[in-house]
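Good morning, and thank you for joining this group meeting. Please look at the sequence and the structure together as I speak.

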Amino acid sequence: MTKEEFIARLFSLCQEAESGVMSSLKTPPVRSPNAGRLRRSKWFRSLSIRDQDSVREIVRYAAEFAVFLVLSELDGIGGVAANPEDGMYKLYYTEEGVDTLITDPRQEPLHDLFQSLRDFS
């Protein structure tokens, strides 16, 4: 798996998260629905179509922004890994005994690759 394939997979997972949340808002799970899910679903279904679309945009933005922040952390531009002297993250993908460094600081940062797939404006 290349760095680009990893980022594409994360972007795909954001889309799956959006779809899952929206599905749960439209129709809460039949098995063991909790009070919070039922309340959110009732609220969501009371919204106009336009407002439901706005909620979808917010859900997508939140999922993508959360991944962006995690990737920024892995890239060492904030939080725990902001100072390389304190340590750094190393993320490898292993296939057939071959390790590929996904968080290679000599290559384009993960958060930049991810951002190129989606505009956060």
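This is a predicted model: local features need pLDDT of at least 70, side-chain atom pairs count only at pLDDT 80 or more; totals for chains, interfaces and linings use all residues.

In which sense do strand E1 and strand E2 pair, and over how many bridges? Strand E1 (residues 92–95) and strand E2 (residues 98–101) pair in the antiparallel sense, over four bridges. Strands here are DSSP runs of type E with at least two residues, helices are runs of type H or I with at least four, and both are numbered from the N terminus. Two strands count as paired if DSSP finds at least two bridges between them.

Residues are numbered from 1 along each chain as its sequence is written, and side-chain values use heavy atoms, with hydrogens and water left out.

Let us stay with the hairpin. Tyrosine 92 has leucine 101 in E2 as its bridge partner. Two residues lie between E1 and E2, and glutamate 96, in that turn, has a positive phi of about 50 degrees. Glutamate 96 is exposed, with a relative accessible area of 79%; by definition, buried means under 20%, exposed over 50% and partly exposed in between, with a 1.4 Å probe and protein chains only.

Leucine 91 is partly exposed, at 27% relative accessible area. Leaving out residues up to four places away in sequence, leucine 91 touches Phe6, Leu74, Thr100, Leu101, Ile102 and Thr103, where contact means heavy atoms within 4.5 Å.

I turn now to the interior. A nonpolar core is a set of buried Ala, Val, Leu, Ile, Met, Phe, Trp, Tyr and Cys residues joined through side-chain atoms within 4.5 Å. The largest such core has 14 residues, and Phe6, Ile7, Leu10, Val67, Leu71, Leu110 and Phe114 touch the most other members. Helix H1 (3–26), helix H3 (49–75) and helix H4 (110–117) each supply at least two residues of this core. Apart from it lies another core, of six residues, including Phe44, Leu47, Val55 and Val59.

Which residues does leucine 10 contact, leaving aside neighbours within four places in sequence? They are Val67, Leu71 and Phe114.

Finally, residues of H1, including Phe6, Leu10 and Cys14, meet Leu110, Leu113, Phe114 and Leu117 in H4. Thank you for your attention.
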